[in-house]
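Reader: Before I rely on the terms used for this model, I would like to see each of them set against its definition. Could you take them one at a time?

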Amino acid sequence: MNAASGRMPTWLTYGFRPFFLAAAVWAAVALAVWIAMLTQGVALPSRFDAMTWHIHEMLFGFVMAAIGGFLLTAIANWTGRPPVKGGLLALLAGLWLLGRIVCILSGLFPPALSLGADLAFQIALIAVCARELVAGANFRNLMLLGPLTVLTAANLLMHLEAAGTPVPAGLGWRLALAAVLILISVIGGRIIPAFTRNWLAKRQAQSLPTGHGAVDRLALASLPIALLAWAFLPASKWAGDLLVLAAVLNAWRLSRWRGHSILQEPLLLVLHIGYGWLAAGAFLLGLSTLGAAVPLSAAIHALTVGAIGTMILAVMTRATRGHTGRPLTADRVTVLIYGLVSLAAIARIGAAILANMTMPLLTISAGLWIGAFLLFAVSYGPALLRPRLG
């Protein structure tokens, strides 16, 4: 509480406020640290090696902050209950920050201490989300706690592997990536056609997105199966076949949402682009697994920089504008943010494919990524920290 006025600080009034800002800042800072480690030999007192720290902090620092902000905001809408705020929200934000500090300094602590401190945020987030969903009798969305639980187990595996415990190499980060992509497919499948339908209906369009049907069910079923098969058996040919099939089904699913009809509204179009990156990345991952001339790094970064980066920025910009009383349309700065992250994905895929251009393209990609998220922090930060307009 603000001692002078007795009022709650604005940033503690809704989950999207601290966590969207934290996600954007950490996305930029953590990648800048990674580039310094890669090019300048900067070392951290972490139990994670440089590459593992980079992977961990993108998934469990940046992505988890964005997921936390989205869920804490969406659950209030789904249940009609007051949003999580005040001291409880501050505690969740503090646990997230504790995890970031501990992972940087984990080499200085016993493994169990750093593991427990880092997992505390995820466990607390699951408990709070479960409480709110059950209290609001919103049992349908309890299914979203499944991917969150998988993410927590994946984080545990990464810590155990770093501590020298004999666990399958890389299983932790592969499971985490699979869980995040499954969340995107589920949530994207709800909001993209719904927002598109509403936008087109207001303009009295005759052709609207196709309703949920067999194609959606096949796409939703195939992607988790394919991703989990790849997570546990990354060299399996049948996992590669499943990924290609899931990619085709999800591309077909996306084509039914009338993305070509909303080209004039970037705030909506970017959601379609983000889902397109998901289908493209799954296809590339399938080809890579099948032994085609597609580097694994190209597929992974199509999914991470392309799908995850684009979808997170799409959701953060839209939710921030909507919940702070701003028009649901993209201004020039927002369009630039979207362009920067897609260019970052293209450059990073190019760095994986073009061996003689790897470092220049990797550096360019990092600069574009950092630029996109810093621009979000600078342009949307005031809206996140100040009261709603109107």
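Author: A salt bridge is counted when a side-chain nitrogen of Lys or Arg lies within 4 Å of a carboxyl oxygen of Asp or Glu. This is a predicted model, in which local features need pLDDT of at least 70 and side-chain atom pairs count only at pLDDT 80 or more, while totals for chains, interfaces and linings use all residues. Residues are numbered from 1 along each chain as its sequence is written, and side-chain values use heavy atoms, with hydrogens and water left out.

Reader: What makes R100 and D118 a salt bridge?

Author: The closest N and O atoms of R100 and D118 are 3.0 Å apart, and the cut-off is 4 Å, so the pair qualifies. R100 belongs to helix α3 (residues 86-105) and D118 to helix α4 (residues 111-135), so the bridge ties together parts 18 residues apart in sequence; helices here are DSSP runs (H or I) of at least four residues, numbered from the N terminus. Over the whole structure, the search finds seven salt bridges.

Reader: Why is α11 called roughly antiparallel to α12?

Author: The axes of α11 (residues 332-353) and α12 come within 8 Å and cross at roughly 160°. Angles over 145 degrees count as roughly antiparallel, on a scale that runs from 0 to 180 degrees between N-to-C directions, with axes fitted to C-alpha atoms over the stretch in contact. That crossing therefore makes α11 roughly antiparallel to α12.

Reader: What makes the lining of the largest cavity nonpolar or charged in its classes?

Author: Ala, Val, Leu, Ile, Met, Phe, Trp, Tyr, Cys and Pro count as nonpolar, Asp, Glu, Lys and Arg as charged, and the others, Gly among them, as polar. By that division the lining of the largest cavity has 16 nonpolar residues, one polar and no charged. I67, F70, I184, I187 and I312 lie nearest the centre of this cavity, among 17 lining residues.

Reader: How do you know which spaces are cavities and which are pockets?

Author: On a 1 Å grid over the protein atoms alone, a cavity is a set of points where a 1.4 Å probe fits but cannot get out, whereas a pocket is an open set with protein on both sides within 12 Å along at least five of seven lines; lining residues have an atom within 4 Å of a point. The largest pocket has a volume of about 560 Å³, where a volume is the space filled by probe spheres set on the points, joined across faces, edges and corners.

Technical notes: Helices (H or I, at least four residues) and strands (E, at least two) are DSSP runs, numbered from the N terminus. Angles under 35 degrees count as roughly parallel, over 145 as roughly antiparallel, 65 to 115 as roughly perpendicular and the rest as oblique.
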